[in-house]
Amino acid sequence: MSTTLFRTIQPNHFTLLGTALFRTRRTTRHISVRCLNQTATTQEPKPSSQPRTAPKNHGSNKLDEILRDYEAVIGIETHVQLSTSTKAFCSCPNSYGSHPNTSICPVCMGLPGALPVLSSKVVDFGVRLGLALNCELSLKSKFDRKQYFYPDLPKGYQISQFDIPIASGGYVDVDIPLEFGGGHRRFGITRVHMEEDAGKLLHSDSGDYSQVDLNRAGVPLLEIVSEPDMRSGIEAAEYGSEMQRIVRYLGVSNGNMQEGSLRCDVNISIRPIGQAEFGTKVEIKNLNAFSAMSRAIDYEITRQALLYNQGQADQIVTETRLWDEGAQKTVTMRKKEGLADYRYFPEPDLPEVILAQEYVDSIRASLPELPEAKRRRYEDMGLGIQDVLFIANDVSVAEYFDEVISKGADVKSAANWLMSDIAAYLKNEELSINDVKLTPQELAELIAAIKDETISGKIGKQILFELLAKGGTVQGLIKEKDLVQITDPVEIEKMIMKVISESPKQLEQYRSGKTKLQGFFAGQVMKMSKGKANPALLNKILLEKLNAKE
């Protein structure tokens, strides 16, 4: 295992005394910042939830016309907040939603004399993610101090990794959904490095002041830096979705963008077609959904291209811009700092992180099947790409599906049930697959009962929804409700003849050419049989009787 010094101390819980860290009146150029105490009421606005995949381009015709002359170059920095029980360098709990400034101590606040001690779990997760992204691991890496001032950065620097990250030189494979053109893409991964998070500012409704919550300060992060390999908002959004899937499959993070557990900063530039040099890079922040990422990138491509066309390319400057969801445009936040502004130097209070090869090999052997491998396996089973993308998107759904087919269920039937009736039920009831009472074993039993014609597909749906809501067994419900399908042709013929004899007017209309009335007769027989008549046998005999000469 790693030979770096891991946490062995348990510092006492520390809370701020007093109600304010800073409190000054706001002028036109200055903002007062105060620390939240337990009576603070200002809350961050809750971002909207993100869809599973990015939408189609807004204004795509205009964008396509622009891209005839220009090529977009896009890279993404993804910050993954790790699902550890404690922070990166102290034993404060890592718990989202805690009351402001209650999960802090001298270490994560950077008070004089407090020393950081690295959590071994952060290293473990860093190695797992590096391997999952096909990176080369650094068996010897180190931490650095990234210096910058911001009110929510209590130490005045961030512990990060600079020149020797834990992993580098990898790639990730992504499948683009058919509605966005389809196909496979491979995007390079420049590096994965360990670092700590900053706190967060909560801005007052009046705009007179901002409040500081330091609970998040010191929470462990893994930052994934991509190569500038993406060329459209759709590709970037699908890359982000794949990062979310991977960290969830690995169990290193819940990946919830609403909580800030996964945050994507997009670097984008454009250049004339055929030009080798990159254009001026602009960073976009405040992206809380993959759909927003796609729209923000397409807007920024358009904005920069229009400046090029107007001979104002020099107005594209290196800066950080925010995505304004209401206005559907990017706006300037601040001029971008360069590496020189951060004044990196090695972290003197932490030793090198040295990994033994045996430690790395043991983690490699424990990795789960990842989304890309799962998608290829499902394709080899004969599933179409849309089925594959739906099932593999959620690790819980994929595990449920795998268990269903392991019980002998037909692969395509299992996929159809999951993607149609079960998916609709989960959406309507606002549940996850882990919340339903239908076990994989019973779904396999249901599929088998329909396949061997013990019950009809219609009755199968009735059983499905009862099992989803209340649980139980397929065979138990069939026996309890007397749902066994009627497959005796003599019994079905008797019911058909009774319906025909009671519907002389409809029979005359059918025989005069209104053949769509076959559905009426079939429906009446099904009603008489309480849905138990075998549909194929029913329609076969019904056609014979309806078309018989008097």
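Let's start inside: the second largest cavity holds about 40 Å³ of space. A cavity here is a set of points, on a 1 Å grid over the protein atoms alone, where a 1.4 Å probe fits but cannot get out. Its volume is the space filled by probe spheres set on the points, which are joined across faces, edges and corners. Keep in mind that this is a predicted model, where local features need pLDDT of at least 70, side-chain atom pairs count only at pLDDT 80 or more, and totals for chains, interfaces and linings use all residues. Residues are numbered from 1 along each chain as its sequence is written, and side-chain values use heavy atoms, leaving out hydrogens and water.

The structure has two cavities of 30 Å³ or more. Around the second largest one you'll find lining residues (those with an atom within 4 Å of a point), including Cys-108, Leu-153, Tyr-157, Glu-196 and Gly-218. The lining splits into six nonpolar, one polar and three charged residues. Ala, Val, Leu, Ile, Met, Phe, Trp, Tyr, Cys and Pro count as nonpolar, Asp, Glu, Lys and Arg as charged, and the others, Gly among them, as polar.

Now for the helices, which are DSSP runs (H or I, at least four residues) numbered from the N terminus. The axes of H3 (residues 120-132) and H4 (residues 233-250) come within 11 Å and cross at roughly 130 degrees. An axis is a line fitted to C-alpha atoms over the stretch in contact, and angles run from 0 to 180 degrees between N-to-C directions. H3 and H4 are therefore oblique to each other; angles under 35 degrees count as roughly parallel, over 145 as roughly antiparallel, 65 to 115 as roughly perpendicular, and the rest as oblique. Who touches whom? Arg-128, Leu-129 and Ala-132 of H3 meet Ile-246, Val-247 and Leu-250 of H4, with contact meaning heavy atoms within 4.5 Å. That makes five nonpolar, no polar and one charged residues.

Further along, the axes of H16 (residues 504-511) and H18 (residues 535-546) come within 11 Å and cross at roughly 80 degrees, so H16 is roughly perpendicular to H18. Leu-507, Tyr-510 and Arg-511 of H16 make the contact with Leu-543, Lys-545 and Leu-546 of H18.

Finally, H8 (residues 371-380) and H10 (residues 395-406) have axes that come within 12 Å and cross at roughly 35 degrees. Their contact has three nonpolar, no polar and three charged residues.

Conventions
Helix = DSSP H or I, 4+ residues; strand = E, 2+ residues; numbered from the N terminus. 1 Å grid on protein atoms, 1.4 Å probe; cavity = no way out; pocket = protein on both sides within 12 Å on 5 of 7 lines; lining within 4 Å.
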